[in-house]
Amino acid sequence: MSESAMLSMTKNTGPMLIVLSLLIALSFVTELAKAETLEVELRIRDHLFFPSTLIIPANQKVKIRVINEDPTPEEFESFELNREKVIAAHSQTVIFIGPLEVGEYPFFGEFYPKTAQGVVVAK
Amino acid sequence: MKSIRLFLATSIVSLLTLFNFVAAVQGYQSSMREADALFDNQMLDLALLVSNLDVSDERLRSMQLGEDLAFQIWQNDKLLAASANAPVQALHQFSEGYDYANFSSYRWRTLAKYDRSHEKWVFIAERTDLRFVLAENVVLQSVAPLLLGIPLVGILVWFFVSKGLAPLQKLSFALKSKPANDLLPIDFGDSILELDQVIASINGFVARLESAMNREKSFSADAAHELRTPISALKIQLHNFAGTVDAKGDAYNELQQGIDRMQHLIEQLLALYRSSPDQFDAKGKSVNLLDLAQDVVARLYPEFEKKDQQISLESEVEREKEALTIHGEFFALETLLTNLLVNASRYTPNGGQILVALSRKHDNVILSVEDDGVGIAPDDRERIFDRFTRLSGNQEVTVPGCGLGLAIVRHVADLHGASVKVSSSRFGHGTAFIVEFPSEKIVNHGMRDERVGDA
Amino acid sequence: MFLNAVVLVLQEILEAALILSLLLAFVRYLNLASGERVLSRRNWVVTSIIAGVFLAWIFSNNFSRISNSFDYVGLEITNASIHSASCFLLVLFAWLFPVKRSVAHLNHRSLGLIFCMVVVVTLAILREGSEIMQFGGGILGQGQAGLPIFYGGVVGAGIGVSTGVLLYYALTGLSIENSLKACVLLLSLTAGNMASQAILLLNQADWLPFTPTAWDSSGLLSESSVLGQLAYALIGYEATPSIMQVSAYLLGLFFVIISPISRLAWSTWHDEASQI
């Protein structure tokens, strides 16, 4: 069976190559469309987000610099943005989001969701 | 190995845990929602109360409601009064309803209420973290038993599953401990729906087996027994015949040898039948092997003398006779030693040596029979214990025997939990049979030799 | 904080438990089909759990260093590597899985299979364990009310482990042909899930370009709902996946589907399947 398996592997590289080349082509297209990335700051203090409403331009990639001033780690999470990232205590990190369509995208701190609530507003 | 008990216990505990815990989470969520609504209602009551305060009272400005509450009273975009922990800006939009806001390093639940009669806006804020902790502590009190109960439930499930499977265990124990010669039906006491068919089938098999065994038993015993008489008669007739006719030729000798062989075969068949597991007397008695060996050697002494063979009995522990005592069946053990000695005598040339040795190794008693005869090739050493096996070799054709002797030796040894090994003897050439008996009483009831069936 | 801990611990334990149950079901199938206990000789489950917990501990201790590397996207890069490796090993597992009856064929591959399983489970526990350690460590370090968190953790772990156990019994309770089909299907979905997660993480780190959302099914099944969370853990459900994620998912799926074991599972010669 292993010989025929090897055979089918070579047989099946065709579609795989097509998908790969499509991905590469796609990445070139988006690379060209890439503009200077806007950076916004989001602070975590006492399990609260500051600002709790982040207003960003729509249809543009944005770099969020998250600074955790708390002595505890926090996890930035948003189902709407498809983002999830742990930020250690007293440290900072970056999360890239977008380009987003116009709308509101709630986010929360998964470790302290009762207080750590916020929303990204794309305008 | 698959275990029914483990499968039942883990799957039941998993199901219980899953449903219990999901129920706990659901209960927690709905209780928390209820608590939230309750707190919101209290905020509304507080708003009504605050709206009736006299805003001209100076003391109102420095009033503290407690760290978890704050209020503001606005009129025409002007802050009339506020608690000390309230911010200077409006803590809510000027529209009635509930919301959340962050100020003074906390997240607050906020309420805006418009007082039409005084044309005032009353804002109430309550710290979410504190009211959450308060609510959670209450709700968890009701959830905790669901969690803490699970280990107890696990132990109980294990107990009940074991209890439920006990009849099965009882049945398997009853089958396991059933002696080989016990063909009585299993009496299980209580009737159990799931096991009744199994027990009925087993008992059916046992009954059929018993009748088959009985038939076979009586057939072989009767056949052997019935053959003894005519053969004895035949021998006498032959003897008489020899007296009347002058017939001392080869034909006569062959006839006599043939009848002797047949007689021997029948004696051995009877011995084999008596040493079968289902015929074996399970109780056993103390048998001193030294006494036994002395008896057998004395009885067989004429045989050895006939061939001018030297027979000796050697015992390492002669002083402690007790040390050579085992539990067993005297007749069977006697047959074992007799067969070994007859075998040794047969395959040892005239003038050879035969040695019976008794010793102890650890707690085991070892009986060995050694000779300086022709010996057995290593490849043949297992085969000789099979029934009707006689090693082919030119000189052996002349040796009388039926090939059952060593099969009987193996049988008797098995019944006593003893092992039989064949090796070279200490005389350099020749064979040594070494039988090692365990010291404890090991008469293995359960042992069934599958070869018994083809006897 | 109770619910919080439930969701967090459940999510992580569930993912690891599902992978473990799936691989155990495969091993059981193999032992059943070959008539001997091929893979139980080595205690690979315990080995990989210990290794996973140990690595998770190391990961947590160096969390800041990892997070700050690669211009603050070190976490995404590490996790994407872990996901890609898991995906690759799951595909390799499918290709290595013996489909011939001979014992030599089987023994020849058993080492490779064990390697795949040990590393996949270790990585799963590393991924999920390090997040639980971050969460638990932060809470304990602050000395906050521990009881609700503890209860939450117990409930989350209880639900996760029970689901894993029941999944295992469900997979092994099926007939041998259906069991193999279900296992292969789950394996392909898990491989797709890993590939899609790796892409998402690289997107988040801005190492891969943005691609538009393929669909929005949040109205149908919200990711924040209980069912949505379960679907996320089980098959990597996302309400709004990007086109690139979907492609990666399908690619992972595809490589398992074309493997010999998958063809065996769906072959019309059922007796062949039942007696490898």
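Contact here means heavy atoms within 4.5 Å. Keep that cut-off in mind as you open this predicted model, where local features need pLDDT of at least 70, side-chain atom pairs count only at pLDDT 80 or more, and totals for chains, interfaces and linings use all residues. Residues are numbered from 1 along each chain as its sequence is written, chains are lettered from A and ligands numbered from 1 in the order in which they are written, and side-chain values use heavy atoms, with hydrogens and water left out.

**Stop 1: chains B and C**

Select chains B and C together. Their contact takes 21 residues from chain B and 16 residues from chain C. Between them they bury about 1600 Å², with carbon and sulfur atoms giving 78% of that; buried area is the accessible area (1.4 Å probe) that two parts lose on being put together, summed over both. Now pick out B:Leu18, B:Phe21 and B:Leu147: in chain B, these lose the most area to chain C, together 26% of what that side buries. Looking for salt bridges (a side-chain nitrogen of Lys or Arg within 4 Å of a carboxyl oxygen of Asp or Glu)?

**Stop 2**

Helices (H or I, at least four residues) and strands (E, at least two) are DSSP runs, numbered from the N terminus, and two strands pair if DSSP finds at least two bridges between them. Next, zoom in on E4 (residues 106–115) and E5 (residues 120–127) of chain B, joined by 8 bridges. On this pair, B:Arg109 stands opposite B:Glu126 in E5(B).

Axes are lines fitted to C-alpha atoms, for helices over the stretch in contact, and angles run from 0 to 180 degrees between N-to-C directions.

**Stop 3**

Switch to chain C: 11 helices, 0 strands. Of its 276 residues, 57% count as buried, meaning under 20% relative accessible area (1.4 Å probe, protein chains only). Select C:Phe26, C:Trp44 and C:Phe93, which touch the most other members of the largest nonpolar core, a set of 93 residues. Such a core is made of buried Ala, Val, Leu, Ile, Met, Phe, Trp, Tyr and Cys residues joined through side-chain atoms within 4.5 Å. Helix H1 (residues 2–34) of chain C supplies 18 residues, the largest share.

**Stop 2: chains A and C**

The contact takes 48 residues from chain C and 42 residues from chain A, and the area buried between them is about 3800 Å², 60% of it from carbon and sulfur atoms. Which side chains meet in a salt bridge at 2.7 Å, N to O? Select A:Lys85 and C:Glu76.

Finish on the open sheet of chain A: 4 strands, order E2-E1-E4-E7, mixed pairing. E2 (48–50) and E7 (91–97) of chain A each have a single partner strand, so one side of each is left without a neighbour in the sheet. E4 (residues 62–68) of chain A pairs with E7(A) in the antiparallel sense over 7 bridges, and A:Lys63 has A:Phe96 in E7(A) as its bridge partner. Last, show helix H3 (residues 63–72) of chain C, which packs on this sheet, touching E4 and E7 of chain A, at about 50 degrees to E7(A).

Technical notes
Buried means under 20% relative accessible area, exposed over 50%, partly exposed in between (1.4 Å probe, protein chains only).
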